[in-house]
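Okay, thanks everyone, let me get the model up on the screen.

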Amino acid sequence: MSTLTEPVAAVGWAVHLPGPPLGEFLAEGFEEPPGDWAYEEAAGPARAATVLGRKGLLAKEPATRTALCAVHRALGLPAGARPDQPLDPGTAVVVASNLGNVATVAAVSRTVATEGGAAVSVLDAPNVSSNVIASSIALWFRFGGPNLMVCSGDRAGADALRLAGLLLRAGRADRVVVVGVEPDDEVAAALHGAGRYGPPLRGGAACLVLRSAANRVPAGVCVEPAPAQWPVPPRLLIGPGGLDLRGHGDLGGARHVVSLALAAHLAADDGHRAVGVSDDEMSLLVTATVARRAR
Amino acid sequence: MSALIAASVISTCLGDGPQTFAALLRGESGAGLLRHSGPERLGVHAGYHIGGDDPDRPFRAGELLAGCLRAAVRESGLDPRTARAVVLVGTGLRELSAVEHWATGGPVFPDRRLHFGDVVRQVLPAARDVVTISNACSAGGHALALAQDMVELGEADVVIACGTDTMTRSMLAMIGRVAPVPTTRVRPFDQDRQGVLLGEAAAAVVVVPEDWTGPVRGRVAATGLSCDAHHETAPDIEGIGRAIRNAYERAGHTVSDVDLVVAHGTGTALNDPAESEALRKAVAGAGPGPLITAVKGAVGHTSGSAALVNVDVALRCLDTGAVPPVVGLRTVLPEGHGLRFVRDRPVRTPVRLAQVNSFGFGGVNAVTLLEAA
């Protein structure tokens, strides 16, 4: 079934994949090289302060830091500046991630086994709860709307996008910040690799800021269920049969959100206008409503 | 707008829904010794376990869920072989106990077993979608909210909102770490409360549109959602208040309509005063105010199932006109003075509209309003 039942607008987006930049990978995938955005360095969790500022990162897990970086960039905030905003009850947060806190859970349980519970750090208390990434985003950016953590495996990103659309349709939010994120620590990689053939886990995040497209489509991109006659008109397709991100590593539960944010970059920032995102779980058409760079 | 509840099934330390409700009316508690190995290491000595199973065995959350889901499908009259239901599973701790089992010497397992997709499809092979929503202690309330939205907007004909949780050693260790003395039982809204204890539970609530022709247990008027965006673990009166107001706005009710609140009531230092204050603010000036009960003294904090356990209890209050007392409450905390807690024995009164509270780590709040069908 389709991820979204009705079109939504994306008014901000960011792909934040620490490690080798996407640019070279994308340049191999099609003739024209991508824009500068694809070559920008994405700060890893240890360097998250360069994006987020120095305060408040103590005891934040790598996945939470990476997710915060993706949101920060999707909102277009200046590097190193922590937002100082009043509470916004109209903005919801939906995060897809499966392995975000498994390293902390494993470490705390080992500490209990070897040293006893008195040795665990209370700073890890929020991190043993699986929703820590979504609630941390809400706290950091003061988003007071519904807050959802989706942990449904490889299709978590598609589910998160569907639920974001549902929150908009149901009038529960007028803006939804959707994030897909996975870490790449040893615990996460071991669980991800167990019984699975394919590329190794690639840590990273992406974020889209969604609004309703019911009345007026804001400047950005329109995301809608793919038309029956696929793939007309997209010139580019992300997914099997097109640009397959799995060549860049397995993004786990972050994959669908990364694919969609990448499509927004290509459609609007690189002037490709229409980009398809399609795989077994979701099939979406991304169309630029504003071209940031003419082609 | 509203949706109907075709079936509601729970499993707690006190038994199934009817057994749990009967025990609540008798004022019983299911608290016992914590059966995980090495309770002295965890700093937690008591818990609310289901059955005689070894709690350190992994993947029990999925087993509990499957049992409730199977029963809920049967009670609603759906054909388990063909039902194209959407299933939303709310959970606080997923199957993270399996991660702990592996980290301390057990076998590794594929990460797809962390969520409940495979478990649900064994019960309902034709399920359209299975989404695991990991929203801490209000996960079930969030699942119910989204289930109603999907049904109302025509995105699905049947949505089953579920909850399931066992305990993780990492969460137990955190509870033990912050408790000044080991808690022996949960005492919601008591001035001498000692903190929270976990309870194992699962729940499944079948949500259907108003034109449903099968069995009906009640009507869900609305669920209000909010996030405090205030503190990582401490609750916020303002954030809770927003969820309460959101529920009444969505339902088209006023707080003076409500007869009963099944409160979150965790027995912690922070939750119970904040919840009391939020309730007081919400119902201020609205007549005598609703009766208030809470179940965690009897069944423990059932985390991702907690909202739906409360829903099942509220449906039985609507149905029978009997409201169980707050098990574990002896002396009401100062912040609760003036609120109408049900004490010591059940109250018999017509209940037409009931409010169910659930609040989770990270300030995620879900407040549900239920009516008789």
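Before the first helix pair, one bit of bookkeeping: the axes I'll talk about are lines fitted to C-alpha atoms, for helices over the stretch in contact, and angles run from 0 to 180 degrees between N-to-C directions. Also keep in mind that this is a predicted model.

So, chain B to begin with. Have a look at helix α6 of chain B, residues 139-152, and helix α11 of chain B, residues 306-320: their axes sit 5 Å apart, and the packing angle is about 70 degrees. Angles of 65 to 115 count as roughly perpendicular, so that's what we call α6(B) relative to α11(B). Who's touching whom? From α6(B) we have B:G140, B:G141 and B:L144, and they meet B:A306, B:A307, B:L308 and B:V311 of α11(B). Sorted by class, that contact of α6(B) with α11(B) comes out as five nonpolar residues, two polar and no charged ones.

Now over to chain A for another pair. Here helix α4, residues 102-114, and helix α7, residues 186-193, both of chain A, cross at roughly 110 degrees, and their axes come within 7 Å. On the α4(A) side you've got A:V102, A:A103 and A:A106, and on the α7(A) side A:V187, A:A188 and A:L191. The class count for this one is quick: six nonpolar, no polar, no charged.

Okay, the contact between the chains. How many residues does each chain put in? Chain B gives 56 residues and chain A gives 53. On the chain B side, the elements that each supply at least two residues include α2 (39-42), α4 (96-103), β6 (129-133) and β9 (218-227), and our friend α6 is on that list as well. Which element of chain B gives the most? That's α7(B), with eight residues. By class, the side of chain B that touches chain A has 25 nonpolar, 18 polar and 13 charged residues.

The C-alpha trace of chain A spans about 60 × 45 × 35 Å along its principal axes. For 295 residues, a compact globule would have a radius of gyration near 19 Å, and chain A has 18 Å, so the two agree. Of those 295 residues, 61% count as buried. And among contacts in chain A with a separation of 6 or more, 76% come from residues 24 or more positions apart.

Definitions and conventions. Residues are numbered from 1 along each chain as its sequence is written. Chains are lettered from A and ligands numbered from 1 in the order in which they are written. This is a predicted model: local features need pLDDT of at least 70, side-chain atom pairs count only at pLDDT 80 or more; totals for chains, interfaces and linings use all residues. Helices (H or I, at least four residues) and strands (E, at least two) are DSSP runs, numbered from the N terminus. Angles under 35 degrees count as roughly parallel, over 145 as roughly antiparallel, 65 to 115 as roughly perpendicular and the rest as oblique. Two residues are in contact if their C-beta atoms, placed from the backbone, lie within 7 Å. Ala, Val, Leu, Ile, Met, Phe, Trp, Tyr, Cys and Pro count as nonpolar, Asp, Glu, Lys and Arg as charged, and the others, Gly among them, as polar. The radius of gyration is taken over C-alpha atoms; the globule rule is 2.2 Å times the number of residues to the power 0.38. A residue is buried if 20 or more other C-beta atoms lie within 10 Å of its own, exposed if 12 or fewer, and partly exposed in between; C-beta atoms are placed from the backbone.
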